[in-house]
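Morning, everyone. Please look at the model on the screen while I go through a few strands and a pair of helices.

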Amino acid sequence: MNQARLRIGVVAPASRMSPDTADKVIALASRLYGERAPEIVFHPQCLATSGHFAGDDATRAAALVEVANDPAVDAVWFARGGYGSNRIAEAVLPRLNEAARAKTYLGYSDIGFLLAGLYGAGFTGATHGPVAQEIQREGGEAAIARALAWLVDRDPAALEPHAATTPKTVAFNITVLSQLLGTPLQPDLTDHVLMLEEVSEAMYRIDRSLFHITSNPAIRRVAGIRLGRCSAIPDNEPDFGMDAEAVARFWCERSGIEWLGRADIGHDVGNRVVVFGGG
């Protein structure tokens, strides 16, 4: 008897997905898995437009609730980050049903607002990892293959190496985590290893955000911090004088949070999977 195909629903709670992303992702999944290829269903909302966003707040929220609550959908994969998931997260969470609680939710960057809210609400499937839009990057097929390896087979090779052996983990974009602290979306991260990454932010902004993160009393209860890749950092005038690792070490020492080293996550095709709470 053939095993039922995994059904993955894709929604865009922030920015709009590129029009040809769906075809590229589905074609790659077919090449990788053949008859075992998951059924990947892209919600029409992924291509909606309302200014900066993939549809207005109500449209984006409704699409996420629809897909998450559908018992025929096994996992929710986010189309892309960008900006906007924070605008709908609080409205979405109370509308999710028991079917939604059983699913994996895979994404990163701006999606961190939703992952934080889901994890704080007791959902066990919140997962940092590549979004569908990665197919548009140079070398992006590797990121999509890694995401599918986790969603389809729970392949441990897809995991960030330290996350694979750490009891409690989470991963966030630095700016996103800084912005959600003190809001109802902030989860309890006591005794978790906190992995952080950043892209396209000046060093003084990274420094400022890490000051805010490490000053938060609840964050000071984490087991330690690992720093992923901080890429495309604009030039600072004058030069800031410290790189991202030096800044992270500085704020860990200042706050009493243990510095644990580097993590294999980032805004790039090498971004690896981190399961909130541990895989």
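Val 11 stands opposite Phe 78 in strand S3. Strand S1, residues 7-11, runs parallel to S3, residues 75-78, and four bridges join them; strands count as paired if DSSP finds at least two bridges between them. Helices (H or I, at least four residues) and strands (E, at least two) are DSSP runs, numbered from the N terminus.

This is a predicted model, where local features need pLDDT of at least 70 and side-chain atom pairs 80 or more, while totals for chains, interfaces and linings use all residues. Residues are numbered from 1 along each chain as its sequence is written, and side-chain values use heavy atoms, with hydrogens and water left out.

Back to S3. S3 also pairs with strand S4, residues 104-107, in the parallel sense over three bridges, and Trp 77 stands opposite Leu 106 there. In a regular strand the side chains alternate between the two faces of the sheet. In S3, Ala 75 and Trp 77 point one way, Val 76 and Phe 78 the other, and all are buried, meaning under 20% relative accessible area with a 1.4 Å probe, protein chains only.

Next, strand S6, residues 169-173. Which residues of S6 are buried on each side? Thr 169, Ala 171 and Asn 173 are on one side, Val 170 and Phe 172 on the other. Five bridges join S6 to strand S7, residues 193-199, and the two run parallel. The bridge partner of Asn 173 in S7 is Glu 197.

Finally, the helices. The axes of H8, residues 203-215, and H9, residues 244-255, come within 10 Å and cross at roughly 25 degrees; axes are lines fitted to C-alpha atoms over the stretch in contact, with angles from 0 to 180 degrees between N-to-C directions. H8 and H9 are therefore roughly parallel, a term for angles under 35 degrees.

Methods:
Buried < 20%, exposed > 50% of the residue type's maximum accessible area, 1.4 Å probe, protein only. Parallel < 35°, antiparallel > 145°, perpendicular 65-115°, else oblique.
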